[in-house]
Amino acid sequence: NEKRDQCCGLRALAAAQSLQKKLGSRVWLTSHVGGHRYAATGVVLPFGIMFGRLDDADSNEFTQDIEAGRIHLPTLRGRSMYDPPTQAAEFYLRQQTGLRDFDAFRLVSVEAAETDRWTATFKETAEGAIHRVQVERRTSEFSVIGSCGEKQAEPTDLYELAGYQRSEASRA
């Protein structure tokens, strides 16, 4: 949505056209899904998996992963139905396990362990193993501009991996 933010207008059309060449009519151009600083952005439906920085240079790998039903980790922003700590937990889970199929995991629960620290529990759909991922929020040392239209950089939150544990599925 160029009227809302120039980042989207500058990058979205080129990314959409590039992706349409590879994926055809399955690619829709929409006005706005948020995340200006990540423009161009995209959502894989019906999974609600959001991606950012979808420029032409990345579209070959990205489209190969999407066609195969896999998450493309370098551009993953998270699932639209998850809050930021859970999005970060899923990213680290996939980084730790290497499992990238869209439906490789099911979220079981998210608990706030203390201020700025969460534990997300996921169940692996194929093996039934339980994965617990702890993430911790901190303010970055650097500032970012939230969109092309802003002039003032602001500190941003970072979510770091604080712990990971895998438990085998029970045989009962």
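First, the terms. Two strands pair if DSSP finds at least two bridges between them. Helices (H or I, at least four residues) and strands (E, at least two) are DSSP runs, numbered from the N terminus.

Now the ground rules. This is a predicted model, where local features need pLDDT of at least 70, side-chain atom pairs count only at pLDDT 80 or more, and totals for chains, interfaces and linings use all residues. Residues are numbered from 1 along each chain as its sequence is written, and side-chain values use heavy atoms, with hydrogens and water left out.

Let's start with the sheet. It is open, has 3 strands and runs in the order E1-E2-E3, with antiparallel pairing.

How many bridges join E1 to E2? There are 3, and strand E2 covers residues 49-51. Val43 has Met50 in E2 as its bridge partner.

Next, a hairpin. Strand E4 (residues 105-114) and strand E5 (residues 117-124) run antiparallel, joined by 8 bridges. Ser109 stands opposite Thr121 in E5. The hairpin has 2 residues between its strands, and Asp116 takes a positive phi near 65°.

Stay with E5 for a moment. Glu124 lies in this strand. Is Glu124 buried or exposed? Glu124 has a relative accessible area of 8%, so it is buried (buried is under 20% relative accessible area, exposed over 50%, partly exposed in between, with a 1.4 Å probe and protein chains only). Not counting residues up to four places away in sequence, Glu124 touches Leu99, Ala104, Phe105, Ala129, His131 and Arg166. Contact here means heavy atoms within 4.5 Å.

Last, the aromatics. The structure holds 5 aromatic pairs. Rings of Phe, Tyr and Trp (its six-membered ring) pair if their centres lie within 6.5 Å; planes under 30 degrees apart count as stacked, over 60 as edge-to-face and the rest as tilted.

One of the pairs is Phe51 with Phe62, edge-to-face, at 5.0 Å centre to centre and 80° between the planes. Phe51 sits in strand E2 and Phe62 in helix H2 (residues 59-67), 11 residues apart. Phe51 is buried at 0% relative accessibility, and Phe62 is buried at 6%.

Phe91 and Tyr92 also pair edge-to-face, at 5.4 Å and 75°. Phe91 is partly exposed at 24%, whereas Tyr92 is buried at 15%.
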